[in-house]
Amino acid sequence: MRLQLLGAGGGRLGSLAGLGRSGAGALALPGCLLYTRTGAAPHLTHDTLREVRGVPGVAQLALPALTEIHDVLEEYKQGAAKFMGMPDAVLYCSLHDPVTPCPSGYNTNKTVSLWGSSGRMEMTVSKFMDVQRAVQPDWFQCISDGDTISGEAGKKRAKKSVDRSLSFLDMCLQLQEKSPELQGSVMFGAIEGGDILEERLRSARETAKRPVGGFLLDGFQGSAMAKETKLKLIASVTAELPEDKPRIIHGVGKPDEVLECIERGVDIFESFFPFQVTERGCALVFSYDCHPDPEATVLTQNGAQDLEKNDAQEDQDEVAKADPEMTPFEIFLKDKKYHDDFGPLLEGCSCYCCQRHTRAYVHHLLVTNELLAGVLLMMHNFQHYFGFFSAIREALRDRKLEQLKKLVLGQALQGPARATL
Amino acid sequence: VLRVVAECGRSRARAGELRLPHGDVPCPVFMPVGTRGTAKGLTAAQLAALGCRICLGNTFHLGTRPGSELVRRSGGLHGFMDWPHNLLTDSGGFQMVSLLELSEVSEEGVRFRPPHGGEEILLSPEKSMEIQNALGADIVMQLDDVVSSTTTGPRVEEAMHRSVRWLDRCLAAHARPQQQLLFAIVQGGLDPDLRLRCTMTQRDVPGFAIGGLSGGEDKAQFWRTVKFSAERLPRDKPRYLMGVGYATDLVVCVALGCDMFDCVFPTRTARFGSALVPWGSLQLKNAQFAKDFRPIDADCGCSTCQR
């Protein structure tokens, strides 16, 4: 795996090459991973995923679902990627699924608890490495203690998260040396430390001393940490990390937050956010085209108009049913007002859904609980999100990151269409 | 409409081609059911790539949500679903049997109270044609008075005669006979005498369906009725056996002279984790398959089996 930076200002523009078994895999940076859930991109099969443009070269798979079929993978022997029908994919195995909540208080000095469909699974270092041997990931997050996000973690708990994670890391590195199945796999060290600067720095420095292939910034999920603290810690952590190794962050997905993290030295994000948008019956419509071109202006205006309309509908009972987690970057297609809207989800979008279908059709599919609603929304939301990362890279290349930031942050401030009850 | 290309020397099976407004369809043909303007979980592109050239939409469901007027404004069901090939809509009559507690039949039509709330609707032959004209399918079905095939007694005869009267009302109300082919539905339950007396077969319609079957009747009675009905239908017009069915039934009914079929079976059984194979079906949720690393069918070229 080789990381090459192109030295643009405001972010680490570059690429990762030489990925995967074949060595032919690549990932443009800053970039995101393809989110998968129990063995596939959510709602999508191979042929529908193929219709999505800009699918990243690395896919994320969460360990809990794989642990539940550990015995199956052991017998299969050919690794999780092939089992999922994606033999050529570069696979990153994260410890947790970003969308599944992880109840607090279950980790110990020797174990970390994972949460899957069958409930809690207690992992020791040895069990963890057993499962990874069956998974045969290209990249994997080393088992770590990230249980500091509840907001109740004090300095002591933060210190523990760092101590435990380093101890796990050293044990796993030793075990990896003895595992032929994992010789081609790259271990990512987790940076822990809760919201305590001292601990975060310690975690970063100590982890950087180990022979890991990359880093992941953990414990920044959720909303318990104050935004200023979060951003400050991220910047401080990345400053301690070597330039030539990639930095993944978990739990950050909203466009404005993505930009803030990129400015602070983060390279890779997850793509669970477009999945969450899909699950609440919404479509991403935020604009990220900061090239002043007449057609693009219409795009921005259309997107902005829709987002403004979100506010105007507050007293209608349909809006009250919108998910409170809904962000200003999306529209709630189940809302009655779309039932006869014959425009595409987003004007100018080239995705399969926008090229062939209308908002009215997707609204109908949502109202009648048809499976196709999820398929079409996922295709759109993924393509739009991957397009966003492409726009970020382009902005870095053209030195227009500030403009892009202004455009995106402007849309973030419009205020979400929340339930007012 | 039907061009017969070959006829079996030993059975009544025939191979042919349906000439329909949105292209030719080889037959015998199985038509998947896309009830609400979508095949379950499949995009229009995927369905077409599988070789499907005609599928079904349901007048009752689309007429209630999103409503026929909205579908008409979307360019008909073809435009609404983005389906470039053929479509067939049923009349809405089958819901009479399947949603029986909610409906009431009279000479006027069927009164429904929609399951998702709303006012009572009257589905008359005229109303059914109005909705189907708005949906714009290539083949539309008459509104028939459907009784369950397990019903006996005078109700069956009443329904048969009423269906003939309703066919005539549909023919009169049909506003787009050039763009949309109206098929008649022969009724009569399992009574050969009633089936014989059903005068519908003399009407000049582009095609006939055999209705009122596939509702829990005894198999021996089922195929006999199919045979009897098919024998009395003109050779040169398509014969559509509604609601059939399982693999064995398809083979038998093709041998009895039927050309067109529809059933929710393949899509529904898939949702329950069942995979169809030439020798039956695999219940993939069963533990025995947890470590079975073979494809569903080694000879199948579908994208599931290929991966």
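**Note on the predicted model: cysteines, backbone and chain B**

1. A search of the whole structure finds 0 disulfides over all chains; a disulfide here is a pair of cysteine sulfur atoms within 2.5 Å. This is a predicted model, in which local features need pLDDT of at least 70, side-chain atom pairs count only at pLDDT 80 or more, and totals for chains, interfaces and linings use all residues. Residues are numbered from 1 along each chain as its sequence is written, chains are lettered from A in the order in which they are written, and side-chain values use heavy atoms, without hydrogens and water.

2. Cys32(A) is buried, at 4% relative accessible area (buried means under 20%, exposed over 50%, partly exposed in between; 1.4 Å probe, protein chains only).

3. Cys263(B) is in no disulfide either. Its nearest cysteine sulfur, in Cys253(B), is 11 Å away. Cys263(B) counts as buried, at 12% relative accessibility.

4. Two cis peptide bonds deserve a look. One runs from Cys27(B) to Pro28(B), with omega near 10°. Pro28(B) sits in the loop between β3 (23-27) and β4 (29-31) of chain B. Helices (H or I, at least four residues) and strands (E, at least two) are DSSP runs, numbered from the N terminus. Another runs from Arg65(B) to Pro66(B), again with omega near 10°. Pro66(B) is in the loop between α2 (59-64) and α3 (68-73) of chain B.

5. His43(A) has phi near 70°, in the loop between β5 (34-35) and α1 (46-50). His43(A) is partly exposed, at 37% relative accessibility. Lys77(A) also has phi near 70°, in the loop between α3 (70-76) and α4 (80-83). Lys77(A) is exposed, at 61%.

6. Chain B has 12 helices and 16 strands. Its radius of gyration is 19 Å, which agrees with the value near 19 Å for a compact globule of 307 residues (taken over C-alpha atoms; the rule is 2.2 Å times the number of residues to the power 0.38). The C-alpha trace of chain B spans about 60 × 50 × 40 Å along its principal axes. Buried residues make up 49% of the 307.

7. Contacts in chain B (heavy atoms within 4.5 Å) reach along the sequence. Among those between residues at least 6 apart, 61% join residues at least 24 apart.
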